[in-house]
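Subject: Structure handover

Hello,

Here is the structure I promised you. Please load it first, then read the notes below.

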Amino acid sequence: MFSLGCAYGLAKTVFILPTPPKGEYLVTPNGHLNQPSVTDIIAQDGNHWRKILTIMAKLTAAKMDWREYRDTRLVQESECILFQMPEYFDQDKIYYVCGGQMQSALKEIRDFTQVDDKGLLKVDQNLILCPYPDYRQFPNKLIDLNLAYLNQVLENK
């Protein structure tokens with residue numbers, strides 16, 4: 001499986017992760033799981049994926065309750081999860097490159113600005129280098145810093 005969620009072309013937010021869920025999923029011939037059920041992913045892949053999807057919901061729910069958003073809308077209409085780098089980065093999307101494994105090649109070709117004091121969150125316009133979406137690595141404080149950055153970027157557009 002190479003991607004899941006809404007179609008990449010329709011996505012407003014793209015998460016790039018190193019490893020897909022391991023459950024039994026019906027994917028298209030090109031390796032895409034279209035509009036997956038978050039409940040099904042959590043049921044098949046457990047607490048680890050619940051944590052990942054929860055952090056994604058907190059980052060994308062806007063003014064909705066993140067719990068409701070995660071359970072009803074996440075990866076249905078505007079988020080896509082890739083498990084490899086895209087060929088190009090569209091300026092109209094927000095990209096979260098999650099974890100050091102996925103970030104290594106980008107650090108050499110882009111100029112990132114550090115958002116937090118530990119350097120866990122780095123940005124270059126719509127491209128965000130962030131920790132792997134796990135509570136220990138990506139705590140609420142870092143989520144809040146990220147959302148403040150996005151609000152600033154969106155205001156300046």
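N140 is found in helix 4 (residues 140-155). Helices here are DSSP runs of H or I with at least four residues, strands are runs of E with at least two, and both are numbered from the N terminus. N140 is partly exposed, with a relative accessible area of 43%. On that scale buried is under 20%, exposed is over 50%, and partly exposed is in between, using a 1.4 Å probe and protein chains only. N140 and I55 are 85 residues apart along the chain, and their C-alpha atoms are separated by 8.6 Å.

Some ground rules before the rest. This is a predicted model, so local features need pLDDT of at least 70 and side-chain atom pairs count only at pLDDT 80 or more, while totals for chains, interfaces and linings use all residues. Residues are numbered from 1 along each chain as its sequence is written, and side-chain values use heavy atoms, with hydrogens and water left out.

Helix 1

Helix 1 covers residues 38-60. How far does helix 1 span between its end C-alpha atoms? The span is only 15 Å, whereas a straight helix of 23 residues would reach 33 Å at 1.5 Å a residue. The expected span is 1.5 Å times one less than the number of residues. Helix 1 has a kink of about 140 degrees, centred on G46. That bend is the angle between two fitted axes, one for the seven residues ending at a residue and one for the seven starting there. Just after helix 1, A62 takes a positive phi of about 55 degrees.

M56 also sits in helix 1. M56 is buried, at 1% relative accessible area. Its contacts, leaving aside neighbours within four places in sequence, are F15, L17, L74 and I81. Contact means heavy atoms within 4.5 Å. M56 and P131 are 75 residues apart in sequence, and 12 Å apart in space from C-alpha to C-alpha.

Rings and charges

A search of the whole structure finds 3 aromatic pairs. Rings of Phe, Tyr and Trp (its six-membered ring) pair if their centres lie within 6.5 Å; planes under 30 degrees apart are stacked, over 60 edge-to-face, the rest tilted. One of the pairs is W49 with F83: the ring centres are 6.5 Å apart and the planes are at 65 degrees, so the pair is edge-to-face. W49 lies in helix 1 and F83 in the loop between strand 4 (79-82) and strand 5 (94-98), so the pair ties together parts that are 34 residues apart in sequence. W49 and F83 are buried. F89 and Y95 have ring centres 4.8 Å apart and planes at 90 degrees, so this pair is edge-to-face. Both F89 and Y95 are buried.

Two lysines lie over ring faces. K58 is over the face of W66, at 4.8 Å from the ring centre. K93 is over the face of Y8, at 5.2 Å from the ring centre. The test is NZ of Lys or CZ of Arg within 6 Å of the ring centre and within 35 degrees of the ring normal.

Helix 3

Which residues of helix 3 (residues 100-109) are buried? They are M102, Q103 and L106. They cover an arc of only 80 degrees around the axis, which puts them on the same side of helix 3. The arc is taken from the directions from the helix axis to the C-beta atoms. On the other side of helix 3, Q101, A105 and E108 are exposed. The buried residues of helix 3 pack against strand 2 (13-16), strand 5 and strand 8 (127-130).

Loops

V75 has a phi near 55 degrees, a positive value in a residue other than glycine. V75 is in the loop between helix 2 (66-72) and strand 4. V75 is buried, at 0% relative accessible area.

Q125 also has a phi near 55 degrees, again positive in a residue other than glycine. Q125 is in the loop between strand 7 (122-124) and strand 8. Q125 is partly exposed, at 48% relative accessible area.

E24 is in the loop between strand 2 and strand 3 (32-34). At 71% relative accessibility, E24 counts as exposed. E24 and F112 are 88 residues apart along the chain, with their C-alpha atoms separated by 37 Å.

Best regards
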